[in-house]
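Please examine the surface features of the protein shown below. The account takes up a surface patch and then the pockets.

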Amino acid sequence: MNRTIAWLKREVVEAIPAAVYFFVGFQIIAFTDALMLEEYGIRVSTFLLATLAALVAAKVVLILDAMPIVNRFAARPLVVSILWKTLLFLLLVGAFKYLEHLLAMLREYKDLLLAHRRLVSEIEWPRVFAATIWLIVLFAGFCTGRELGRLLGREKLRRIFLESRKSAGSGRAGDEV
């Protein structure tokens with residue numbers, strides 16, 4: 001029982017940074033989506049949907065981290081690893097979103113092929129493209145931050161981003177105003 005609790009605690013702690021990052025990012029996506037739908041008078045429960053999406057994205061991060069394929073380009077330049085992981089995250093989240101909508105259609109149509117066809121025919125491509133652009137930006141930023149954290153170490157990254165450059169001793173002459 002103690003091993004299960006320790007495992008669960010580790011999973012939650014590891015998911016918190018991703019969940020917070022994607023919580024903010026998906027709120028932005030949901031707000032953008034709501035602004036696009038406002039023209040048609042459609043209301044979306046943006047906060048709840050974005051929060052759920054952030055938790056799914058955090059779980060996707062944990063799932064991918066457990067897979068050996070995620071570190072396939074670890075020895076390559078950092079940009080290759082970042083782009084690879086961004087693509088993997090994007091594909092996995094896309095698969096989750098597709099399955100989420102497909103299952104809803106499947107409940108209605110009771111036939112997998114018919115549900116898939118209806119889903120594809122009802123897709124609002126401008127919304128999909130807008131969300132995809134945001135997801136690429138979010139995942140690329142997330143992967144960049146994580147890779148820099150692994151490369152430089154969390155403590156150095158914290159100092160770089162959260163301490164004043166003067167106190168950290170990394171300010172250059174002429175940077176002071």
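**Surface patch and pockets**

In this predicted model, Leu 52, Val 56, Ile 63, Met 67, Ile 69 and Phe 96 make a nonpolar surface patch of about 460 Å². Helix 2, which spans residues 46-65, contributes the largest share of the patch, 3 residues. Val 56 lies in helix 2. Because buried residues have under 20% relative accessible area and exposed ones over 50%, Val 56, at 32% relative accessibility, counts as partly exposed.

The largest pocket has a volume of about 1400 Å³. Its lining comprises 37 residues, and those nearest the centre are Lys 97, His 101, Arg 127, Val 128 and Ala 131. Two or more lining residues come from each of helix 1 (2-38), helix 2, helix 3 (78-109), helix 4 (112-122) and helix 5 (125-152). Helix 3 gives the most to this lining, with 11 residues. By class, the lining of the largest pocket has 26 nonpolar, 4 polar and 7 charged residues.

The second largest pocket has a volume of about 480 Å³. It is lined by 16 residues, of which Glu 14, Pro 17, Phe 142, Arg 146 and Arg 154 are the closest to its centre. At least two lining residues are supplied by each of helix 1, helix 2, helix 5 and helix 6 (154-162). Here helix 5 gives the most, with 6 residues. The lining of the second largest pocket divides into 8 nonpolar, 3 polar and 5 charged residues.

Note on methods:
Residues numbered from 1 in each chain as written. Predicted model: local features only at pLDDT ≥ 70, side-chain atom pairs only at ≥ 80, totals over all residues. Heavy atoms only, no water. Patch = residues over 30% accessible without salt bridge, like charges linked within 9 Å, V, L, I, M, F, W, Y side chains within 5 Å. Areas by Shrake-Rupley, 256 points an atom, 1.4 Å probe, with all protein chains shown as cover. Salt bridge = Lys/Arg side-chain N within 4 Å of Asp/Glu carboxyl O. Helix = DSSP H or I, 4+ residues; strand = E, 2+ residues; numbered from the N terminus. Buried < 20%, exposed > 50% of the residue type's maximum accessible area, 1.4 Å probe, protein only. 1 Å grid on protein atoms, 1.4 Å probe; cavity = no way out; pocket = protein on both sides within 12 Å on 5 of 7 lines; lining within 4 Å. Points joined across faces, edges and corners; volume = space filled by probe spheres on them. Nonpolar A, V, L, I, M, F, W, Y, C, P; charged D, E, K, R; others polar.
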